[in-house]
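Subject: Structure handover

Dear colleague,

Please find the sequence and structure below. My notes on what was found follow.

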Amino acid sequence: MTRLQTPRWAWVLTGSGHFFVESFALIHTLVHCDVFVSKAANEVLRMYGLKLDFPDTMRVLHDKTASAVPVGGFYHGDYHSVVIAPATSNTVAKCVAGISDSLPTNVYAQAGKCRVPSIVFACDTAPELETMAPGGMVKVYPRPIDLENTARLKTYERTEVVESLAELTAAVTRRGREVADLG
Ligand SMILES: Cc1cc2nc3c(=O)[nH]c(=O)nc-3n(C[C@H](O)[C@H](O)[C@H](O)COP(=O)(O)O)c2cc1C
């Protein structure tokens with residue numbers, strides 16, 4: 001196995017169909033990255049016909065423990081940045097409330113406690129959205145509470161909330177350059 005480089009990216013997949021395939025593809029543009037997979041994401045990715053087959057410079061970490069064992073690396077400086085993409089309304093709501101009871105919410109919480117910045121691709125950004133369901137495009141109407149949570153998360157420190165694939169790509173590219181400049 002290739003020696004893992006640190007610090008590296010921590011990419012979190014949650015169980016959102018919204019730009020799931022596109023977010024998944026972006027992971028492949030990175031080299032040194034750990035992929036944290038929520039229980040729901042593990043189900044959803046199969047519905048979209050995707051496989052967690054990444055190069056051996058990456059690790060795939062599943063949500064199998066009550067204490068979120070895989071987040072331990074944050075305490076040892078293993079990660080320079082977190083990307084939660086796509087982020088379900090569930091994960092966004094919990095992050096806003098300071099809850100950490102799943103792998104995604106623990107990554108966000110521990111990143112915050114270790115002063116590691118996060119980029120969050122929120123799904124619920126407008127009162128009416130077109131999103132990709134396993135059977136094709138569908139219309140959804142995020143609730144006021146979902147929109148309110150996305151807006152609140154934008155005010156949190158070391159948290160950049162992005163609302164489109166273009167914004168996500170730009171934020172990841174910008175952060176990658178920053179990290180490279182820091183050497
Ligand atoms: C095919 C499929 C697509 C889904 N898409 C979304 C979505 O776009 N946004 C969302 O908030 N939840 C979506 N869900 C529901 C979440 O998976 C569910 O709320 C889950 O509990 C989220 O858990 P997590 O935040 O830990 O990943 C979807 C579920 C399925 C089965």
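At 8% relative accessibility, Asn106 counts as buried, where buried means under 20% relative accessible area, exposed over 50%, and partly exposed in between, with a 1.4 Å probe and protein chains only. Asn106 belongs to helix α4; helices (H or I, at least four residues) and strands (E, at least two) are DSSP runs numbered from the N terminus. Apart from neighbours within four places in sequence, the contacts of Asn106 are Ala68, Val71, Ser100 and Asp101, contact meaning heavy atoms within 4.5 Å.

This is a predicted model, in which local features need pLDDT of at least 70 and side-chain atom pairs count only at pLDDT 80 or more, while totals for chains, interfaces and linings use all residues. Residues are numbered from 1 along each chain as its sequence is written, and side-chain values use heavy atoms, with hydrogens and water left out.

The ligand

The ligand is surrounded by 14 residues, of which the closest are Gly15, Ser38, Thr88, Ser89 and Thr91; a residue is near a molecule or strand if one of its heavy atoms lies within 4 Å of it. By class, this shell holds 4 nonpolar, 10 polar and no charged residues. Here Ala, Val, Leu, Ile, Met, Phe, Trp, Tyr, Cys and Pro count as nonpolar, Asp, Glu, Lys and Arg as charged, and the others, Gly among them, as polar.

Several atom pairs can be listed. A backbone N or O atom of Gly17 is 2.9 Å from a nitrogen atom of the ligand. For Ser89, a backbone N or O atom lies 2.8 Å from an oxygen atom of the ligand. The side chain of Asn90 has an N or O atom 3.0 Å from an oxygen atom of the ligand.

On its own, the ligand has 650 Å² of accessible area, and the protein covers 66% of that; accessible areas come from the Shrake-Rupley method with a 1.4 Å probe, and for residues only the protein chains shown count as cover. The elements giving two or more residues to the shell around the ligand are α2 (39-47) and α3.

Within α2, Ala41, Val44 and Leu45 are buried. They cover an arc of only 100 degrees around the axis, which puts them on the same side of α2; the arc is that of the directions from the helix axis to the C-beta atoms. An α-helix has 3.6 residues a turn, so residues three or four places apart point the same way. Lys39, Arg46 and Met47 are exposed on the other side of α2. The cover over the buried residues of α2 includes β1 (8-13), α1 (20-27) and β2 (33-37).

Glu43 also lies in helix α2 and, at 47% relative accessibility, counts as partly exposed. Between Glu43 and Gly15 there are 7.4 Å in space, C-alpha to C-alpha, although the two are 28 residues apart in sequence. Just after α2, Gly49 has a positive phi of about 70 degrees.

The buried residues in α3 are Thr91, Val92, Lys94, Cys95 and Val96. What covers them includes β4, α4, β5 and α5. Gly98 follows α3 and has a positive phi, near 80 degrees.

Helix α5

Asp146, Asn149, Thr150 and Leu153 are buried in helix α5 (residues 144-153). Seen down the axis of α5, these buried residues fall within an arc of 100 degrees, so they line one face of the helix. They pack against α3 (89-97), α4 (103-113), β5 (118-122) and β8 (159-162).

Backbone points to check on screen

The peptide bond from Thr6 to Pro7 is cis, with omega near -10 degrees, and Pro7 is found in the segment before β1. The bond from Ala85 to Pro86 is cis as well, with omega near -5 degrees; Pro86 is in strand β4 (residues 79-87).

Phe19 is not a glycine but has a positive phi of about 55 degrees. It sits in the loop between β1 and α1 and is partly exposed, with a relative accessible area of 29%. Arg158, also a residue other than glycine, has a positive phi near 55 degrees. Arg158 lies in the loop between α5 and β8 and is partly exposed, with a relative accessible area of 37%.

Regards

Definitions and conventions
Polar contact = N/O pair within 3.5 Å; in protein donor to acceptor, adjacent residues only side chain to side chain.
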